[in-house]
Amino acid sequence: MSSFTELDSEIVPVDAEPRRVQGRTPWQLAWTRFRRDRLAVASLVVLALMVVFAALAPLWAHWTGHPYDATFPKTALDPSGQPVGPGRHFWLGADQLGRDVLVRAAYGARISLVVGVAAAVLASVIGVAVGVLAGFVGGVLDTVLARMMDITLALPYLLVAIMLATTFQLTSVAASVSLTIVVIAFFSFAAFGRIIRGQVLSLREKEFIEAARSLGAGNLRIMAVDVLPNLMAQVTVLTSLLIPTSIVFEATLSFLGVGVRLPMPSWGSMLGEGSDVFQTAWWLLAVPAFLLLLTTLSFNLLGDGIRDALDPRGDRHSGKK
Amino acid sequence: MLRFVIRRLLYSVLVLWLVATLVFVFLHISPVPVERVIGGPRATTDTLAQIRANLGLDQPVIVQYGRFLGRLLRGDLGDSYINGTSVAALVRDRLPTTLWLVAGAGVIWFVGGVVTGVYSATRARGAGDRLVTLFVLIGLSTPPFVMALVLLYLFSTKLGEAGVPFFEAGPPLQEHFLQRMILPWIALAFLMVAAYTRLTRGAMLDVLGEDYIRTARAKGISPKRVVYRHGLRSALTPVVTQFGIDLGALIGSTIVTEKVFGLQGVGQLVYQSINLGDTPVIIGVTLMVTLFVVLANLLVDVGYSFLDPRVRLS
């Protein structure tokens with residue numbers, strides 16, 4: 001219904017000065033639609049705050065005087081050795097070793113955001129490359145690539161991920177972060193590539209591809225100039241929805257002790273390390289769990305918002321995609 | 001039809017072989033020195049070499065791989081490096097726990113997902129539907145291990161008072177079966193209920209918009225009958241398909257739930273084996289889990305091609 005009222009407002013009296021019609025790109029239209037989606041905008045704000053919280057992690061450490069890997073047995077643990085709860089010195093409490101939960105959570109936010117975004121982007125780059133090649137070139141290459149994706153999907157991913165992480169036992173934090181990103185991307189690109197391949201298969205038969213070919217365009221040019229831009233909306237949506245999945249993946253691996261190496265805190269490893277003292281120190285469960293949930297929920301809402309904005313025909317409430 | 005099944009079976013064997021090889025290669029470059037684990041920190045170089053020779057680890061890689069495949073073809077998964085028990089026996093011991101875990105969670109998530117999905121689809125855009133949508137978003141954003149930890153935090157004291165042996169390593173499964181399984185079931189099913197609600201809701205809305213539903217309504221069939229008899233039946237096909245795939249895949253992802261709740265299932269077995277470098281057990285469990293995934297996919301494909309002949313042609 002709303003589209004009719006919009007049309008009506010465009011009708012101007014004949015005698016009035018003719019209004020300049022402004023051309024708007026599909027991306028501008030999508031942005032206009034996105035801005036109207038209150039939930040999506042709210043989640044964008046939450047995520048922006050999360051980025052600030054993560055980016056300023058060294059500042060929190062500096063202000064509180066508590067580096068993320070330093071223990072404070074005198075101030076953070078009570079005489080019986082129990083960690084102190086949220087208070088003046090430790091805003092979000094201390095953990096079982098006497099470290100500052102707030103500072104650690106901020107560093108954990110860095111890990112979650114970096115790994116989540118990097119893994120999702122890497123997976124989508126590989127997924128698009130494989131999907132476009134398989135779908136567009138076809139033939140033997142398609143068979144091989146499609147089967148490869150099927151097999152990746154058949155692998156018990158958590159098992160193999162643990163095995164990989166154990167195989168390349170890395171001691172440096174940076175190396176373990178990179179490996180975690182690669183492992184997550186490896187297990188995410190296949191589902192991505194499959195969807196892209198399907199899209200390319202149908203795009204390949206469209207008239208504008210035939211037109212480009214008859215104008216003498218080569219395969220590479222058609223893939224880059226004609227096929228790829230038509231996939232961008234789909235890729236944006238899929239990538240944004242892959243970020244929360246990747247964040248959860250990282251947290252799970254770190255919880256099991258095979259993700260990001262200690263002493264670098266991650267929300268997952270914070271939950272894993274503290275799990276023995278949750279009953280007496282609830283904040284060790286509440287802080288990382290809440291931040292993790294808030295982040296994944298916001299990314300999911302954002303992804304839904306982006307999907308609705310890019311696909312005006314799809315309606316959130318009809319459940320159609 | 002027969003050709004389709006045979007082709008799929010051959011493909012399944014290929015997948016299993018590839019996975020076995022992949023795991024073999026990974027583990028071969030693994031730095032966990034198993035002879036060190038067995039021999040202990042004080043073992044001499046001679047003892048370590050002797051252990052390697054006993055396990056056949058001193059042979060060239062190709063020979064080891066050949067032996068491994070040969071055993072596999074005879075259906076022999078080998079013996080554990082650590083205690084010499086056959087891998088098949090180890091898995092047989094642990095499998096029931098994992099199967100009960102997955103089966104219970106599967107029932108909860110399928111029934112829960114379909115019921116809420118239908119509820120929300122028949123009240124599209126109403127207050128109930130919005131509430132369900134909110135629940136779905138929260139569910140999809142909750143990692144299973146966080147759900148497990150939260151449930152444990154909320155209920156473990158109560159269960160401890162009731163004398164439920166939660167963390168004791170591997171009491172027999174029958175002991176306090178329901179009390180011990182209900183939390184793991186919910187933890188494992190929570191995210192899936194959300195996913196299946198979304199799936200069912202979408203499928204139901206698609207089907208309820210079809211012409212034949214309008215015809216059925218116009219003929220004066222009761223709304224209940226239209227929704228359940230005409231709508232749900234055809235909306236369930238994609239849901240059941242997905243269910244088969246997820247159920248198979250879930251066997252491999254129970255590690256976290258088993259670890260949090262101290263259940264001695266296949267997941268715990270493989271987690272412990274990875275830390276010990278017990279290669280045969282890791283390969284055995286991975287292969288078995290892959291077999292479940294492949295079988296589930298096969299069943300879904302074959303079942304689907306019975307329901308929908310178009311699948312066979314493609």
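How many of the 321 residues of chain A count as buried? The share is 42%, where a buried residue has 20 or more other C-beta atoms within 10 Å of its own, with C-beta atoms placed from the backbone. This is a predicted model: local features need pLDDT of at least 70, side-chain atom pairs count only at pLDDT 80 or more, and totals for chains, interfaces and linings use all residues. Residues are numbered from 1 along each chain as its sequence is written, while chains are lettered from A and ligands numbered from 1 in the order in which they are written.

Start with chain A. It has 13 helices and zero strands. Helices (H or I, at least four residues) and strands (E, at least two) are DSSP runs, numbered from the N terminus. Along the principal axes, the C-alpha atoms of chain A fill a box of roughly 80 × 60 × 35 Å. Take the contacts in chain A between residues at least 6 apart in sequence: 69% join residues at least 24 apart. Two residues are in contact if their C-beta atoms, placed from the backbone, lie within 7 Å.

Now zoom in on one helix pair. Helix α3 (residues 38–55) of chain A packs on helix α6 (residues 101–137) of chain A at an angle of about 120°, with the axes 7 Å apart. Axes are lines fitted to C-alpha atoms, for helices over the stretch in contact, and angles run from 0 to 180 degrees between N-to-C directions. From α3(A), the contact uses Met50(A), Val51(A), Phe53(A) and Ala54(A). From α6(A) come Ala106(A), Ala109(A), Arg110(A) and Leu113(A). By class, that is seven nonpolar, no polar and one charged. Ala, Val, Leu, Ile, Met, Phe, Trp, Tyr, Cys and Pro count as nonpolar, Asp, Glu, Lys and Arg as charged, and the others, Gly among them, as polar.

Next, the chain contact. Chain A contributes 34 residues and chain B 39 residues. On the side of chain A that touches chain B, α7 (139–154), α8 (157–167), α11 (219–255) and α13 (283–310) of chain A each supply at least two residues. α13(A) gives the most, with eight residues. This side of chain A has 22 nonpolar, eleven polar and one charged residues.

Finally, chain B. It is divided into domain 1 (1–74) and domain 2 (95–308), with bounds from an automatic or database domain assignment. In chain B, 16 residues of domain 1 are in contact with 15 residues of domain 2. α1(B) supplies the largest share of the domain 1 side, eleven residues.

Conventions:
A residue is buried if 20 or more other C-beta atoms lie within 10 Å of its own, exposed if 12 or fewer, and partly exposed in between; C-beta atoms are placed from the backbone.
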